[in-house]
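Hi there,

As promised, I am handing over the structure for you to look at. My notes follow just below it, so please have it open while you read.

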Amino acid sequence: MAVAAPGQLNLDEFPSWGSRGVDCFEKLEQIGEGTYGQVYMAKEIRTGEIVALKKIRMDNEREGFPITAIREIKILKKLQHQNVIQLKEIVTSPGPEKDEQGKPDGNKYKGSIYMVFEYMDHDLTGLADRPGMRFTVPQIKCYMRQLLTGLHYCHVNQVLHRDIKGSNLLIDNEGNLKLADFGLARSFSNDHTGNLTNRVITLWYRPPELLLGATKYGPAVDMWSVGCIFAELLHGKPILPGKNEPEQLTKIFELCGTPDEVNWPGVSKMPWYNNFKPARPMKRRVRELFKHFDRHALELLERMLMLDPSQRISAKDALDAEYFWADPLPCDPKSLPKYESSHEFQTKKKRQQQRQHEEMAKRQKLQHPQPHARLPPIQQTGQPHPQMWPAPGQPVHGAQPQMAAGPSHHYGKPRGPSGGPSRYPPGANPGGGFNPAHPTRGAQGGGYGSGPYPQQGGGRGPPYPGGNVPGPAGPRGSAATSGAGYGTGVGNYPQGGPYGPSGTSRGPNVGANRGQYNWQ
Amino acid sequence: MSHYRSISPFTTWRRWMWQDADAPDAQGVALAVANALEKLVTRNDLVAADSEQSGGQDAAGRGTAAFCGPRRPGISIENYIERIHSYALCSPACLVAAFVYLDRAVHRRPDLLVGSLNVHRLLLTAVMIASKFFDTMPQNNAFYAKVGGVSNADLNKMEVELLFLLDFGINVTSLEFESYCSYLEKEMVASNHRKGAGSDVDLL
């Protein structure tokens with residue numbers, strides 16, 4: 001170990017992270033909330049720059065600094081790319097925080113560490129769920145290309161994101177898309193030898209290999225999620241909205257066909273293959289169900305939604321796909337329309353009004369059931385394409401709920417852990433008289449969010465506490481009040497990290513009985 | 001400036017990680033880490049005494065005071081490492097990683113003198129962070145506090161301090177790991193040799 005002489009200048013970069021206090025920032029508004037902690041929009045006093053502050057909750061004394069937060073920080077520090085959210089620094093709040101009664105609390109480091117991120121105006125789901133929002137084809141290509149570029153960068157740096165979904169893709173008013181929320185991310189080695197948890201990725205975007213119990217996997221898991229998002233953008237709604245794991249697999253099989261040793265060599269050896277073995281073989285129907293997509297899009301989607309992860313297209317190859325090089329070409333991000341900024345976040349009062357508004361809208365919808373009505377992209381012809389899937393007989397486009405066009409972050413409401421085995425408790429919400437196309441849309445959170453740390457040990461726990469069950473959040477239109485933008489979902493934040501229950505103590509008293517060394 | 005870089009790595013990550021037949025046992029690793037720290041502390045205690053005499057600056061600078069205990073603990077570094085390892089059941093690799101963290105910390109903060117007043121607390125915190133990061137089933141902070149003889153709150157505070165001191169750079173690449181293993185091994189051989197030489201002299 002080398003020892004520098006006292007007083008020797010340290011030529012390394014200094015001051016280090018954490019040297020500044022949170023009082024360098026003026027908190028403007030809370031923009032997310034969850035068990036992880038609050039997320040604030042804030043202004044750096046010196047420069048006037050707007051940032052997002054994500055609080056790291058430190059009040060579980062027994063666990064100390066959350067390992068998941070350590071991992072996230074470590075990974076974000078490594079990644080520097082225009083399509084990956086930038087962690088600018090980490091700041092601390094000086095001294096003990098006071099609780100609501102104004103008493104200083106005993107835990108010195110309680111809740112006083114913040115991650116400082118660049119501020120982004122929207123997230124993809126929030127943007128897509130804006131009433132009347134329709135993406136153009138060049139716009140979708142532009143977002144997809146940025147998503148793939150960012151993801152390729154992560155994969156090259158041996159980082160799996162493991163929670164790719166719309167609400168974790170942040171978009172600013174320059175049209176830039178950035179990957180966010182690396183709370184589930186993890187470094188991997190190329191030989192895939194590690195035993196990784198399969199309780200990751202929000203259910204709708206979770207690939208078949210994880211649902212079949214794989215613990216050795218690689219970048220292909222993220223590519224499945226990308227495929228789901230891609231199809232969702234083109235189709236106008238989530239394509240695989242399973243309520244629980246078995247149903248998720250069924251939906252995948254209905255779309256992609258059932259796996260067998262021919263189309264997925266080795267599938268029968270998957271840990272849970274026999275539990276979920278489909279009763280009857282089904283044919284792959286991607287081309288049939290999405291025949292309204294253009295040829296190149298369909299071609300690319302087919303390769304993203306391969307059941308066998310080893311046959312799934314990589315981010316790099318996807319970027320080379322004909323789709324991105326055929327007319328209409330992806331547009332320049334700068335040319336994209338600027339949407340109403342989310343800086344003007346509603347005050348709490350306004351939010352409450354909106355919630356009331358929402359309630360009313362919901363009641364109306366209950367009387368007049370509306371199908372999901374996110375609009376499919378504008379085609380070159382300018383004609384909306386007919387909705388091909390799923391339910392025949394559904395009206396093609398529901399009337400737009402007239403909602404105040406709010407910020408396009410998913411907001412507020414917590415979501416359950418994405419990792420839990422039963423993310424959507426069966427029958428959690430029987431749903432009124434309507435047929436919800438969006439069972440848990442309202443529960444999607446994300447952005448800077450950090451809800452979805454996988455649950456620990458046996459993964460119990462229906463994610464939605466009692467009355468908060470958003471359940472079938474109702475046909476769309478609830479964007480302004482549903483989900484969580486920079487949200488910090490309620491996800492059970494496992495202080496012990498995602499890999500195995502850390503709480504399983506081997507008898508914490510062992511020290512006490514064998515003569516503790518106490519020299520304080 | 002770090003001497004370990006010049007040593008060609010010959011101890012492989014796998015030998016230590018997977019405990020092959022010829023891998024040093026956990027006790028050997030604990031001994032090697034203790035040996036290196038022991039030497040450092042001896043040297044730094046002298047430096048600290050010097051700078052105190054000359055009215056130099058306080059050895060415990062900003063942010064490092066958290067680690068400084070009021071007096072020398074009555075347990076040797078070697079016994080302390082073995083104690084942590086045997087109760088917390090962290091993998092031997094964590095002991096090496098803890099050493100890496102301490103080395104990084106002093107590189108980043110030259111005013112952090114690892115001495116007899118703070119080495120135990122630094123070590124405990126570093127092993128705990130390493131175990132949290134590398135082990136699949138790490139013990140929690142409360143457990144480490146009990147094993148290490150500090151309060152839970154103090155340990156949490158030290159954890160945060162050390163994480164910031166390390167600038168959250170807690171990853172250890174296999175190459176770095178190998179280099180440090182080589183260094184520890186070589187130091188171990190050297191000090192055994194010195195001891196051996198001493199006894200030779202006695203025999204004469």
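To begin with a question: in which loop of chain A is A:Gln158 found? The residue sits in the loop between helix 3 (137–156) and strand 7 (159–160) of chain A. Please keep in mind throughout that this is a predicted model.

Backbone notes on chain A

With a relative accessible area of 29%, A:Gln158 is partly exposed.

A:Asp181 also has a positive phi, about 60°, although it is not a glycine. You will find A:Asp181 in the loop between strand 9 (177–179) and strand 10 (186–187) of chain A. Is A:Asp181 buried or exposed? Its relative accessibility is 3%, and because the cut-off for buried is under 20%, A:Asp181 counts as buried.

There is a cis peptide bond in chain A too: it joins A:Asp327 and A:Pro328, with omega at about -5°. A:Pro328 belongs to the loop between helix 10 (315–319) and helix 11 (348–367) of chain A.

Chain B as a whole

Chain B has eight helices and zero strands, so its pattern along the sequence reads α-α-α-α-α-α-α-α. Of its 204 residues, 57% count as buried. Chain B exposes about 8500 Å², and carbon and sulfur atoms supply 55% of that area. Taking the contacts in chain B between residues at least 6 apart in sequence, 85% join residues at least 24 apart.

A helix pair in chain B

Two packed helices are described by the angle between their axes and the distance between the axes. For helix 3 (residues 77–88) and helix 6 (residues 141–148) of chain B, the axes come within 10 Å and cross at roughly 140°. Angles over 145 degrees would count as roughly antiparallel; helix 3 of chain B and helix 6 of chain B are therefore oblique to each other. Their crossing is right-handed.

Which residues make this contact? From helix 3 of chain B come B:Tyr80, B:Arg83, B:Ile84, B:Tyr87 and B:Ala88, and they meet B:Phe143, B:Tyr144, B:Lys146, B:Val147 and B:Gly148 in helix 6 of chain B. By type, the residues of this contact divide into seven nonpolar, one polar and two charged.

How values were computed: Residues numbered from 1 in each chain as written. Chains lettered and ligands numbered in written order. Predicted model: local features only at pLDDT ≥ 70, side-chain atom pairs only at ≥ 80, totals over all residues. Heavy atoms only, no water. Axes fitted to C-alpha atoms, helices over the stretch in contact; angles between N-to-C directions. Helix = DSSP H or I, 4+ residues; strand = E, 2+ residues; numbered from the N terminus. Parallel < 35°, antiparallel > 145°, perpendicular 65-115°, else oblique. Left-handed = near helix turned anticlockwise from the far one by under 90°. Contact = heavy atoms within 4.5 Å. Nonpolar A, V, L, I, M, F, W, Y, C, P; charged D, E, K, R; others polar. Buried < 20%, exposed > 50% of the residue type's maximum accessible area, 1.4 Å probe, protein only. Areas by Shrake-Rupley, 256 points an atom, 1.4 Å probe, with all protein chains shown as cover.
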